[in-house]
Amino acid sequence: MKCRKCGGRAVLELRRHNTAFCAGDFLDFFRHQTLETIRRWKMLSRDEPVLVAVSGGKDSLALWDVLLEAGYTTAGLYIDLGIFDYSRESKARCQAFAAGRDARLIVVSVAEEVGAGIPQVKDVTRRPTCSACGLSKRYIMNRAALDHGFGVVATGHNLDDEAATLLGSTLRWDESSLARQTPVLEVTHPKLARRIKPLFRLSERETAAYAFLRGIDYIVEECPFARGATSISHKEVLNRLEDVSPGSKASFLLGFLERARPRFQAGESVDLRECLRCGQTTTGEVCAFCKLADQVRRAAPRSAVPLGSAALEPTDPAPLRGLAADLSAASEIHAS
Ligand code: AMP
Ligand code: FES
Ligand code: ZN
């Protein structure tokens, strides 16, 4: 197999593009795709500082690498979820990446913000772990961006992530999620940072190849709470489709974004205001994140959860009956 560009030995075949590349030309292809996506979708202007949310995985570190190389002003944001070895190792990967490039890394710990790490939060909320975790990540990303003067947060969501989310929302005909699924989540309130996904046209296999060829040391293990998640089975189904018909994932997602999403968007409007406690956006009076911190604090004496500063704030004694609804409202507002 020969490289389409230089005729040298190809290291990667991209069936959906009906092409193959050598290492150097693949890296150029990957950079070009990312930067073209940023330009075409008006994600970022050249001089706009961007906060890159890095998990220690291949996608977000590959994205940070491309943005740094292209000369964007960036900082990384690592959110320490407190998930045992998984968090320790992924944090170490982010720190090593940043140190190797003399880049700034901001670390925020969920335990300090909510009062406990995700494993303890999981026990007290009886919510699906990923729901409380996703809420915490989105909240912290937005707040860290505002606190540190960034108007934009970039995440490493790739084509496989986005197509799997779309398949899940379509199977449930979840109109709110469909309306909000976009690679550029524009600001609808002064307290929201723009959220962008510059890798959404690149597949997981392509980001893995980029990270490998660039010698990026990333964490391969998945979060232990992700085992058995429906998003994984959706990815498997899409991979089978892609095998028999290369390009299916991209046409499913891109076709939706171009032709179907505007129809769902038309019916969507949410009234956002500021949380009475923390000032971040919410559809109610107190945001879902503050309620989550309350819930953890209340459970602390029972479960001996170590408390952090946020959870020691005076809290509203109202029961948390609305938490489930708020969690889902918040995940809609800041749809992943
Ligand atoms: P995931 O939801 O784990 O597939 O992650 C999607 C994207 O969210 C990643 O590519 C990162 O940009 C971001 N992200 C996930 N986990 C973290 C974390 N612990 N800290 C910062 N960003 C994260
Ligand atoms: Fe959040 Fe696994 S990363 S539950
Ligand atoms: Zn709040």
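Tutor: Let us begin with the shell around ligand 1, to which α2 (58–69) and β4 (74–80) each supply at least two residues. Helices and strands here are DSSP runs, numbered from the N terminus: helices are H or I runs of at least four residues, and strands are E runs of at least two. The model is a predicted one, in which local features need pLDDT of at least 70 and side-chain atom pairs count only at pLDDT 80 or more, while totals for chains, interfaces and linings use all residues. Residues are numbered from 1 along each chain as its sequence is written, and chains are lettered from A and ligands numbered from 1 in the order in which they are written.

The greatest contribution to the shell around ligand 1 is that of β4, with three residues. There are 14 residues around ligand 1, and A53, S55, I79, T155 and G156 come nearest; a residue is near a molecule if its C-beta atom, placed from the backbone, lies within 6 Å of it. By class, the shell around ligand 1 has six nonpolar, five polar and three charged residues. In this scheme Ala, Val, Leu, Ile, Met, Phe, Trp, Tyr, Cys and Pro count as nonpolar, Asp, Glu, Lys and Arg as charged, and the others, Gly among them, as polar.

L77 counts as buried because it has 27 C-beta neighbours inside 10 Å. The cut-offs are these: a residue is buried if 20 or more other C-beta atoms lie within 10 Å of its own, exposed if 12 or fewer, and partly exposed in between, with C-beta atoms placed from the backbone. L77 is in contact with L51, V52, A53, V54, I106, V108, M141 and A144, leaving aside its neighbours within four places in sequence. Two residues are in contact if their C-beta atoms, placed from the backbone, lie within 7 Å. From L77 to L51 there are 26 residues in sequence, and their C-alpha atoms are 6.6 Å apart in space.

The largest nonpolar core has 73 residues, and L51, V52, L77 and L292 touch the most other members. Such a core is a set of buried Ala, Val, Leu, Ile, Met, Phe, Trp, Tyr and Cys residues joined through C-beta atoms within 7 Å. Helix α6 (residues 129–147) gives the largest share of this core, eight residues. As for V52, its contacts beyond four places in sequence are S60, L63, W64, L67, T74, G76, L77 and A154.

A211 counts as buried because 21 C-beta neighbours lie inside 10 Å. Not counting residues up to four places away in sequence, A211 touches K58, L61, A62, I216 and Y218. The C-alpha atoms of A211 and G57 are separated by 9.4 Å, although these residues are 154 apart along the chain.

Elsewhere, two helices pack against each other. Helix α7 (residues 159–171) and helix α11 (residues 248–265) meet at an angle of about 65°, with their axes 9 Å apart. Their contact is made by L159, D160, E162, A163 and L166 of α7 and K249, A250, F252, L253 and F256 of α11. Seven of these residues are nonpolar, none is polar and three are charged. Axes are lines fitted to C-alpha atoms, for helices over the stretch in contact, and angles run from 0 to 180 degrees between N-to-C directions. F252, in helix α11, touches A163 and L166, not counting residues up to four places away in sequence. F252 is partly exposed because it has 18 other C-beta atoms within 10 Å.

The loop between α7 and α8 (175–180) contains W173, which has a positive phi of about 45° although it is not a glycine. Most residues other than glycine have a negative phi. W173 counts as exposed because it has 9 C-beta neighbours inside 10 Å.

Finally, consider the whole. The protein has 13 helices and 10 strands, and 42% of its 336 residues count as buried. Among contacts between residues at least 6 apart in sequence, 71% join residues at least 24 apart.
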